[in-house]
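Please open the structure in your viewer and keep the sequence beside it. The stops below follow in order.

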Amino acid sequence: MNREEEKEDMRKYRLLKLLVLSLLCHKDMHGYMIIKEVQRRTEGLWKPAPGTIYPLLAELELDGLVNKRKEVLGSRVRYSYSITLKGIKLLKVYAHRLRLVFEALASLMKHVEDELERKKVVVSNEDEWLLEKLYREREILGVIRRHVDDRIREIDEIIAKMGKRNEGS
C-alpha cells in the first residue's frame, strides 16, 4: 500500500468513527447492526467489514466515547454499544466541521463541472471514467452530507433534552 492509499484509509477510518458515533447517538446497537446501518445510510456505497468495526468500537470505548454492554441470548453472547455524553459532545463538534468540509467539496466539484461545461470540454470514451468518478464522488458527498445534517439535528435535540433533565434535577 502506498502513502496515498494509507492516507485515504485513515480518512475513511475517521469518517467511519464519526458515522458510528452518530448512529449510536440515535440508538444502542451491536456491531453487525452498525455494519448494516452504515451500508443502508450510505445507500449501499459503503459496507465496512467486521475487522474494521469491532476494533473501532474497542477504540471508542477506550476513549470513553461509547459504553459496551454484554447481552446474553440463550447460548449466544453479543455486545451492545451506546454513546456517552463525551461522545455526543465530540460528535457535535466534528459534525459541524464535517458539514463545512462537505459544503466546500460540493462547491469545488460543482465549479469543476461548470468549468467543463463552460469550456465545452469533450471527454473521450477512454476518459469517460473520470467524469463518472466525479459524479459518483459528488453523489457520495451528498449522501454523507444529508446524513451529517440529520445527525446534527438529532444531537441538538439530545443535548436540549439532557439540559432540561439537568434543570429538573
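Select Lys-68 and Tyr-79: the lysine lies over the face of the tyrosine, at 4.4 Å from the ring centre. A charge counts as sitting over a ring if NZ of Lys or CZ of Arg is within 6 Å of the ring centre and within 35 degrees of the ring normal. This is a predicted model, in which local features need pLDDT of at least 70 and side-chain atom pairs count only at pLDDT 80 or more, while totals for chains, interfaces and linings use all residues. Residues are numbered from 1 along each chain as its sequence is written, and side-chain values use heavy atoms, with hydrogens and water left out.

Next, select Arg-97 and Tyr-94; the charged end of Arg-97 sits over the tyrosine ring, 5.1 Å from its centre.

Now show strands E2 (residues 66-73) and E3 (residues 76-83), which pair in the antiparallel sense over eight bridges. Strands (E, at least two residues) and helices (H or I, at least four) are DSSP runs numbered from the N terminus, and two strands pair if DSSP finds at least two bridges between them. Where does Leu-73 stand? Leu-73 is opposite Arg-76 in E3. Two residues separate the strands of this hairpin, and Gly-74 in the turn has a positive phi of about 65°.

Move to helix H2 (residues 31-41), where the buried residues include Ile-34, Ile-35 and Val-38. Buried means under 20% relative accessible area, exposed over 50% and partly exposed in between (1.4 Å probe, protein chains only).

Finish at Glu-43, in the loop between H2 and helix H3 (50-62). Phi of Glu-43 is positive, near 55°, in a residue other than glycine. Glu-43 is exposed, because its relative accessible area is 54%.
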